[in-house]
Amino acid sequence: MIKIEHLSKKFGDLVVLRDVTIEIKSGEVISIIGPSGTGKSTFLRCINLLDRPSGGAIHIDGVNILDPKADVSKIRQKMNMVFQSFNLFAHLSVMENLTIGPVKLLGLSRSDAERKSRDLLKLVGLAEKAGSYPDELSGGQKQRVAIARCMAMEPRIILFDEPTSALDPTMVSEVLSVIRRLAKDGMTMAIVTHEMDFARDVSNRVLYMDEGCIYEEGTPEEIFERPQKEKTRAFINRIRSFHYHIGTPDYDLYGMNAEIEMFCEKQILPMKTRQNLLLIVEEMLQLYTPWLRTAHLDMTISYSEKKESLEVVFESSGSALNLFDNAQLPDELGLTIIKSLTESIDYQRLGDKNRLLLILKKMVK
Ligand code: ADP
Ligand code: MG
């Protein structure tokens, strides 16, 4: 139904969308997730021609909508959008908000438009609010009116841009329920959202956007359970990491420890976990000391908020070096301490680098 090929969008020198290619079929519900600033809104705005794409092609039902001769208002009505900030007409009643489009753009008579609007208000649970004005409604109610208004234009697809982000937490679920209902009725939708549980159970496809493109896509199971690419995994598992480079044996140990403590503070890690982490890092660096004269060492500490797991990766340059290989080790005590605090220790030789991954034992709460 919609075919988007090599879509790109620049704002001046800023490249927001590099190359987006995707096909959306009738009846599909697609969730679009990703860190903020990665162009999700821009993508929807380009589809809907609120922003003019810089390159690429968009076909809807075989018609190229980027053709200069295309009828923009007709396209917008086919691909109607629901915004984070509702965008209702404040000076019009709920009923007038719903009927103005169909009367002016679809050529419906007022009575037909009103009959249809009443059905739609019923659908979103707001039949009794037909005569109210937007500022008499709660945020959740306003957003449900916005969805009904969108439906009134009989769109082929609805584009939602973070429809619940501006709402009080108590009102999120009433809006999500309405969207779920539309999904059940077979409405084609593309939804930018931060509500992961919702994205997971409402959509049949999930797009993860990053680096100006669709970085990874798949079924909800694939994206949420087994993301294949690094950035997707970091986003899904809410991984935060801390990186430290050691280029000489005279590195600033106290400075580094202070930075690690700050990282732990930010992630609100329990005191015991912090102590164990610092202890592991200290012991590991002791073990590495003889090699630091000739090799560089990169340490990355990653915390997954979702899995509540903490891991440390040490990458060293130079010849093959597995500190945990049999009897290479001089410091028995250090080794024992590290082993007692970790769940697993995994060594890999990758190219000319040594990679050691330590997963910390979970603290019993
Ligand atoms: P997201 O919705 O994923 O948070 P956006 O699409 O809103 O991301 O923005 C992507 C990038 O494009 C951001 O860096 C933003 O500052 C920039 N951007 C968005 N709209 C404009 C605009 N009209 N002019 C200039 N830069 C813009
Ligand atoms: Mg956005």
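Analyst: The model is a predicted one.

User: What makes Ser31 buried?

Analyst: The relative accessible area of Ser31 is 0%, which is under the 20% limit, so Ser31 is buried. Ser31 is placed in strand 3 (residues 29–33).

User: How do you know that the side chains of Ser31 and Ser203 make a polar contact?

Analyst: The contact between these two side chains is 3.0 Å. The cut-off for a pair of N or O atoms is within 3.5 Å, so 3.0 Å qualifies for Ser31 and Ser203.

User: Why does Asp112 count as partly exposed?

Analyst: The relative accessibility of Asp112 is 35%. Buried requires under 20% and exposed requires over 50%, with partly exposed in between. The value of 35% falls between those limits, and Asp112 therefore counts as partly exposed. Asp112 is part of helix 4 (residues 110–123), and its side chain makes a polar contact of 3.2 Å with the side chain of Arg115. From Asp112 to Thr99, 13 residues away along the chain, the C-alpha separation is 9.1 Å.

User: What makes Glu343 exposed?

Analyst: Glu343 has 56% relative accessibility, and the limit for exposed is over 50%, so the label applies. Strand 14 (residues 342–350) contains Glu343. Met299 is 44 residues from Glu343 in sequence, with 18 Å between their C-alpha atoms.

User: Why are His6 and Ile268 called exposed?

Analyst: His6 has 52% relative accessibility and so passes the limit of over 50%. Ile268, at 70%, also passes that limit and therefore counts as exposed. His6 is in strand 1 (residues 2–11), while Ile268 is in the loop between helix 10 (253–266) and helix 11 (271–288).

User: What is noted about phi in His6 and in Ile268?

Analyst: Phi of His6 is positive, near 50°, in a residue other than glycine. Ile268, which is not a glycine either, has a positive phi of about 55°.

User: Why is helix 5 described as largely enclosed by the rest of the structure?

Analyst: Of its 14 residues, 13 are buried, and helix 5 is therefore largely enclosed. Helix 5 is followed by Glu154, which has a positive phi near 50°.

User: Which residues surround ligand 1, and how do they divide by class?

Analyst: The surrounding residues are Phe11, Leu14, Val16, Pro35, Ser36, Gly37, Thr38, Gly39, Lys40, Ser41 and Thr42. By class, this shell has 4 nonpolar, 6 polar and 1 charged residues.

User: What polar atoms lie by the oxygen atoms of ligand 1?

Analyst: A polar backbone atom of Thr38 is 3.2 Å from an oxygen atom of the ligand. An N or O atom in the side chain of Ser41 is 2.8 Å from an oxygen atom of ligand 1. For Thr42, the separation between a polar side-chain atom and an oxygen atom of the ligand is 2.5 Å. Ligand 1 exposes 560 Å² when taken alone, and the protein buries 58% of that. Strand 2 (14–24) and helix 1 (40–47) are the elements that give two or more residues to the shell. Helix 1 gives the most, with 3 residues.

User: How does the radius of gyration of the chain stand against that of a compact globule?

Analyst: The chain has 27 Å, whereas a compact globule of 365 residues would have a value near 21 Å. The C-alpha trace spans about 90 × 45 × 35 Å along its principal axes. The chain holds 12 helices and 15 strands, and 49% of its 365 residues count as buried.

Definitions and conventions:
Residues are numbered from 1 along each chain as its sequence is written. Chains are lettered from A and ligands numbered from 1 in the order in which they are written. This is a predicted model: local features need pLDDT of at least 70, side-chain atom pairs count only at pLDDT 80 or more; totals for chains, interfaces and linings use all residues. Side-chain values use heavy atoms; hydrogens and water are left out. A residue is near a molecule or strand if one of its heavy atoms lies within 4 Å of it. A polar contact is a pair of N or O atoms within 3.5 Å; within protein, one must be able to donate a hydrogen and the other to accept it, and residues adjacent in sequence count only if both atoms are side-chain atoms. Accessible areas come from the Shrake-Rupley method with a 1.4 Å probe; for residues, only the protein chains shown count as cover. Helices (H or I, at least four residues) and strands (E, at least two) are DSSP runs, numbered from the N terminus. Ala, Val, Leu, Ile, Met, Phe, Trp, Tyr, Cys and Pro count as nonpolar, Asp, Glu, Lys and Arg as charged, and the others, Gly among them, as polar. Buried means under 20% relative accessible area, exposed over 50%, partly exposed in between (1.4 Å probe, protein chains only). The radius of gyration is taken over C-alpha atoms; the globule rule is 2.2 Å times the number of residues to the power 0.38.
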